[in-house]
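Please read this briefing alongside the sequence and the three-dimensional view.

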Amino acid sequence: MNIQIRRPSNKELIGCFPDALLEMERNYRSLQNDLAEYTNIELSDEEKAQLNILAKYGGALYEAWLLGQNAWRTLEKRRAPLIDTNAFLLLLPGICAYASNRTREMKRAAVTILNEPYIVQNTNGQVDVIGDIFKNKTDSQLQELSYMYQGKPNKAMIKQRVMNAAEVGVKNLLASRSQDDKEIQSLRSTWAAKKLDEFYDLENEVRFIWHASQKTDLLKHIDQCLDSDDSPEIYQMFVCGLADFLEKVAAEYWHFRVNNNLEVQ
């Protein structure tokens, strides 16, 4: 990967993202191993309900890990240099934040189910309250579980944001790419190597969107987040980062169409 990033925060993001993926995988597989122990055991309704809570967090971690894996593989295939304006730099922070938020929830739920006393721990400046805090009195001085988020999350605004981005960055983008295919195939033979590399990278971004929307449960998972009682702080950075990514790739493809005089419907 030819990295020509200047912004320190983006350098840090790209530098630590492979480790973040490994951490997501470890947490997901650890939970799956724990759940597997109960596969052939007769459980009460209460125990089943408790395990369903953990399974929910396992599914959320899996979606974040899978999307992160696919994003990283796409970046590794890049031919042109990776610079600060790359669309994936809008998406990766949201993936990390979402995985972190769900992992914190998962740990708290696990300790609560085991009916162990709460513990308070500091992680990178944030306070995690883990344990059976739900039976504490309302005047308890314990802090609630902290999340990674930006701004003031509003569920209605987030939902509209995602719907708009899905229309532009999935439905319209994929339809345009399919429509343009024959013309692009004939044009490619005239392009210089640099232009071919730029198109190759754009094409891989479009394929990433196609795969995420058609071959995974990502959009279904996001709908479930938006329709749930979960606090929007949990998923705000994730879904809004994805929306930003979709819209940026759609804008890049529009620019490509204009530059190559492709027919605009």
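This is a predicted model: local features need pLDDT of at least 70, side-chain atom pairs count only at pLDDT 80 or more; totals for chains, interfaces and linings use all residues.

Residues are numbered from 1 along each chain as its sequence is written, and side-chain values use heavy atoms, with hydrogens and water left out.

**Nonpolar core**
- Ile 95 and Phe 245 touch the most other members of the largest nonpolar core, which has 65 residues (a set of buried Ala, Val, Leu, Ile, Met, Phe, Trp, Tyr and Cys residues joined through side-chain atoms within 4.5 Å; buried means under 20% relative accessible area, with a 1.4 Å probe and protein chains only).
- The largest share of this core, twelve residues, comes from H7 (helices are DSSP runs of H or I, at least four residues, numbered from the N terminus).
- Beyond its neighbours within four places in sequence, Ile 95 is in contact (heavy atoms within 4.5 Å) with residues including Phe 17, Met 24 and Phe 238.

**Helices H4 and H5**
- The axes (lines fitted to C-alpha atoms over the stretch in contact, with angles from 0 to 180 degrees between N-to-C directions) of H4 (residues 155–187) and H5 (residues 193–214) come within 11 Å and cross at roughly 130 degrees.

**Ala 60**
- Ala 60 lies in helix H2, residues 45–76, and counts as buried because its relative accessibility is 2%.
- Arg 102 is 42 residues from Ala 60 in sequence, yet their C-alpha atoms are 6.9 Å apart.
- Leaving aside neighbours within four places in sequence, Ala 60 is in contact with Tyr 98, Arg 102 and His 221.

Conventions: Helices (H or I, at least four residues) and strands (E, at least two) are DSSP runs, numbered from the N terminus. Buried means under 20% relative accessible area, exposed over 50%, partly exposed in between (1.4 Å probe, protein chains only).
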